[in-house]
Amino acid sequence: MRNYQRSINFSALAIWLGVLTIGLIAGFAAGASPVLPGLAVVSLVVLGFFFRNLEQAVLSALIIRSAIDGIVSPPLPSAFAIAIDILTLLYVVVLLFQRRTVHTDWFLWFFVAWIIFQAMWLVLLPIGGLGLDGAVFATSLREWVRLFSWLMLYLLVMQLQEKTHPQTVINLLFWALVIPLAIAFLQMFVPGLLPSQFAPLSGGVLSEGSRIRGSIGHPNSFATFLLLFIGLTTWKLTITKVRWPWLLLLGLLAFFYVSTKALFSLMMLAVFMLVLIAPRLSLLKLIGAVFFFGLVIFLFGSTEFGQQRLGSIAQTPLLNPDIDIWRAILLSYSDNNSFNWRIAQWHELLEAWKQYPLFGYGLGVTTHIASNGLYAHNDYVRALTEGGIVGLVSFIAFFGVQIGRIVQLMRRSLFNKTQNSLCLVLLALILTMPVGMITENVWSHTMLFFYWFTLLAVAGWDWNAKPTT
């Protein structure tokens with residue numbers, strides 16, 4: 001048995017060194033930079049730490065991911081995702097060599113099938129089966145790899161099962177808030193201390209037009225990131241006896257949530273609170289929910305910028321019967337109304353979709369179709385344009401299956417209050433996403449889904465089992 005394990009260890013080491021060697025050869029063949037030897041050493045250290053201390057490596061990665069999202073030069077988030085993909089695949093291969101258990105569940109296998117199905121657009125694109133040709137293949141491939149990294153993260157977190165208690169994982173996730181909130185504080189009060197990649201979206205110190213984004217790439221992405229942790233904080237409030245630290249954190253998150261000045265986030269928050277209190281409605285919960293939502297609305301409307309954002313809705317077809325869709329499109333060129341601009345954007349993309357209705361244009365290529373080079377700001381329009389009717393159906397089915405998975409976990413965890421409460425929070429969170437997707441690019445909020453699939457994996461663990469480490 002000992003000789004067998006030694007042979008397996010040598011096989012694993014051969015895999016690591018083989019990947020490293022291939023990377024070095026490819027780098028030198030492409031014109032290696034002077035920093036490549038240093039990167040090779042770092043890669044070797046990371047590999048050794050990852051395989052020797054899986055729990056610490058994965059939990060550390062979950063914590064630091066939020067701190068690097070805004071660093072796009074060099075593109076650390078992309079490198080991080082690729083590293084997760086490679087390390088996860090290597091780890092699973094080693095487990096199979098060692099004939100050890102690879103933890104999975106039925107949703108993982110659905111996820112695998114869905115990702116493989118999305119690869120169909122990668123095949124159709126270069127052979128002329130879509131609205132665009134192979135010139136945008138790199139864009140589609142990058143989008144597919146982004147989705148694939150979510151699958152790998154889910155698979156990797158599943159391997160912590162029976163090693164780490166689920167509450168330990170979630171408690172450690174709160175450390176992922178430290179850097180984003182610290183940078184958000186500086187963005188609001190002393191933005192001059194920050195490098196350009198972490199500067200507010202626009203404006204100066206506490207200016208009406210400035211929008212904070214922490215260490216996240218965009219204020220809207222920061223808003224959904226905060227909403228997820230607002231959900232986790234409310235979960236902690238339901239399971240802990242000492243509540244005042246979590247109440248303080250909830251107030252702090254609400255303050256920064258409003259400071260993103262993302263109007264769509266208010267509707268997401270309203271849906272979240274409605275779903276959260278509906279199953280066990282009580283007068284105390286209702287008062288608390290109304291108070292919290294009223295505080296958020298008050299803070300949002302207390303600034304001139306927030307008032308303008310709320311008032312702009314009245315100049316759209318939604319609330320003004322004198323403005324039809326065509327007039328809204330014409331007004332969008334001059335009135336600086338983001339709602340009318342969205343209507344014009346949707347109309348342009350839907351007209352383009354009509355030319356290739358079945359399979360669309362390809363994954364992630366909306367920016368190549370829109371004349372202004374921007375996303376759809378409606379994920380249903382985006383899914384329809386990029387994937388056609390088939391892509392839209394698969395997009396909706398993907399969320400439908402996740403909702404079904406959470407409902408299943410809620411029924412299975414009726415006798416575990418802590419797990420059941422988390423599942424209710426997850427259900428409330430995922431039901432906010434389709435609402436936000438009506439006017440925002442939630443599908444492109446990689447940070448949200450990075451932590452979302454972590455939580456979805458943890459929620460499916462056996463919470464009654466004792467971890468081995």
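**Reading helix packing**

Modeller: Before we start, please keep in mind that this is a predicted model. Two packed helices are described by the angle between their axes and the distance between the axes. Here, helix α9, residues 219-239, packs with helix α10, residues 244-259, at an angle of about 165°, and their axes are 10 Å apart. Because angles over 145 degrees count as roughly antiparallel, α9 is roughly antiparallel to α10.

Colleague: What is the handedness of the crossing of α9 and α10, and which residues of the two helices meet?

Modeller: The crossing of α9 and α10 is left-handed. On the α9 side the contact includes Ala-223, Leu-226, Phe-229, Ile-230 and Leu-237, and these belong to a set that meets α10 residues including Trp-246, Leu-250, Leu-253, Phe-256 and Tyr-257. Sorted by class, the contact of α9 with α10 has 13 nonpolar, two polar and one charged residues.

Colleague: At what angle do the axes of α7 and α9 cross, and within what distance do they come?

Modeller: Helix α7, residues 166-173, has an axis that comes within 11 Å of the α9 axis, and the two cross at roughly 130°, which means that α7 is oblique to α9. The crossing in which α7 passes α9 is left-handed.

Colleague: Which residues meet where α7 contacts α9?

Modeller: From α7 come Gln-167, Ile-170, Asn-171 and Leu-173, which meet Phe-229, Leu-232, Trp-235, Lys-236 and Ile-239 of α9. By class, this contact of α7 with α9 has six nonpolar, two polar and one charged residues.

Definitions and conventions
Residues are numbered from 1 along each chain as its sequence is written. This is a predicted model: local features need pLDDT of at least 70, side-chain atom pairs count only at pLDDT 80 or more; totals for chains, interfaces and linings use all residues. Side-chain values use heavy atoms; hydrogens and water are left out. Axes are lines fitted to C-alpha atoms, for helices over the stretch in contact, and angles run from 0 to 180 degrees between N-to-C directions. Helices (H or I, at least four residues) and strands (E, at least two) are DSSP runs, numbered from the N terminus. Angles under 35 degrees count as roughly parallel, over 145 as roughly antiparallel, 65 to 115 as roughly perpendicular and the rest as oblique. A crossing is left-handed if the near helix is turned anticlockwise from the far one by less than a right angle, and right-handed if clockwise. Contact means heavy atoms within 4.5 Å. Ala, Val, Leu, Ile, Met, Phe, Trp, Tyr, Cys and Pro count as nonpolar, Asp, Glu, Lys and Arg as charged, and the others, Gly among them, as polar.
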